[in-house]
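This report goes through a few residues one by one. Please look at the sequence and the structure first.

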Amino acid sequence: MRRRKPPAAPPPVPFSPSAARAHRAGLGLTPEQVAEGMAAHGVRLLPAHVLAWESGELRPGEGEFIALARALWCRAAQLMDGRPVRLRDHRLARELGQAAVADRTGTTLDAYREAELTGHWDGDEEQTRSLAEVLGLGLPDLVRATGREEALDHLLRQCVTGRWQPHLRALARIVPAPAETLADAVEALHQEHHVPSHWGAGARAAPPPAIDALASRFWRLLDADAL
């Protein structure tokens, strides 16, 4: 009989000890007062834990991290070690639990947990649009956080080397922009690779974007269409 693999452990909270230390000092709070503030948000621990986090000896868990931010009167994102990138980072920056995100995006809790653990989101267009709204994500950050950058790059290559229309539905699943806006951006990208005049005139005409730069050009076209 095969043994079941233990569930993968979530990555550590992206916590910045120096940011926590600076926020506490800025408020003039003692570790004891921070611990008291966290208790008011349902997390009871010793002042020694606060000092251990600030020294980097320990890292807070999710609930502790959110309670600490509230006790320090700051946004959770301000206590992060760098800008949120992963799906879990963005969720914590909004001080949300997994169940809340799953419920508000119309996915199961197990499916959402799997997305955070693997770094790959498999929601449909409507669920992906809801995810962006719940986590306050712009479209480039959404694609990055859901692990779909490679899939987007592949689709954009297909759009510029062949007919772009058949790929719109798959693109909308990854980039939940309004259908007309998305179609306009993809059509413009396709034309730029087949009509050099889009990039200048005469001998000084610039070449179309390289295949490797399609995504960055696509985002610029999408922004222009959205204005």
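## Arg 88

Arg 88 counts as buried, because its relative accessibility is 7% and buried means under 20%. The model behind this value is a predicted one. Arg 88 is part of helix H5, which covers residues 87-93. Its side chain makes a polar contact with the side chain of Glu 62, at 2.9 Å.

## Two residues with positive phi

Trp 73 is not a glycine, yet it has a positive phi of about 55°. This residue sits in the loop between helix H4 (62-71) and H5. Trp 73 has a relative accessible area of 76%; the limit for exposed is over 50%, so Trp 73 is exposed.

Glu 95, also a residue other than glycine, has a positive phi near 60°. The loop that holds Glu 95 runs between H5 and helix H6 (98-105). With a relative accessible area of 22%, Glu 95 is partly exposed.

## Leu 214

Leu 214 belongs to helix H13, residues 214-226. Its relative accessible area is 0%, so Leu 214 is buried.

Which residues does Leu 214 touch, not counting those up to four places away in sequence? They are Leu 156, Arg 157, Val 160, Leu 189 and His 193. Asp 153 is 61 residues from Leu 214 in sequence, while the C-alpha to C-alpha separation of the two in space is 7.2 Å.

Terms used
Residues are numbered from 1 along each chain as its sequence is written. This is a predicted model: local features need pLDDT of at least 70, side-chain atom pairs count only at pLDDT 80 or more; totals for chains, interfaces and linings use all residues. Side-chain values use heavy atoms; hydrogens and water are left out. Helices (H or I, at least four residues) and strands (E, at least two) are DSSP runs, numbered from the N terminus. Buried means under 20% relative accessible area, exposed over 50%, partly exposed in between (1.4 Å probe, protein chains only). A polar contact is a pair of N or O atoms within 3.5 Å; within protein, one must be able to donate a hydrogen and the other to accept it, and residues adjacent in sequence count only if both atoms are side-chain atoms. Contact means heavy atoms within 4.5 Å.
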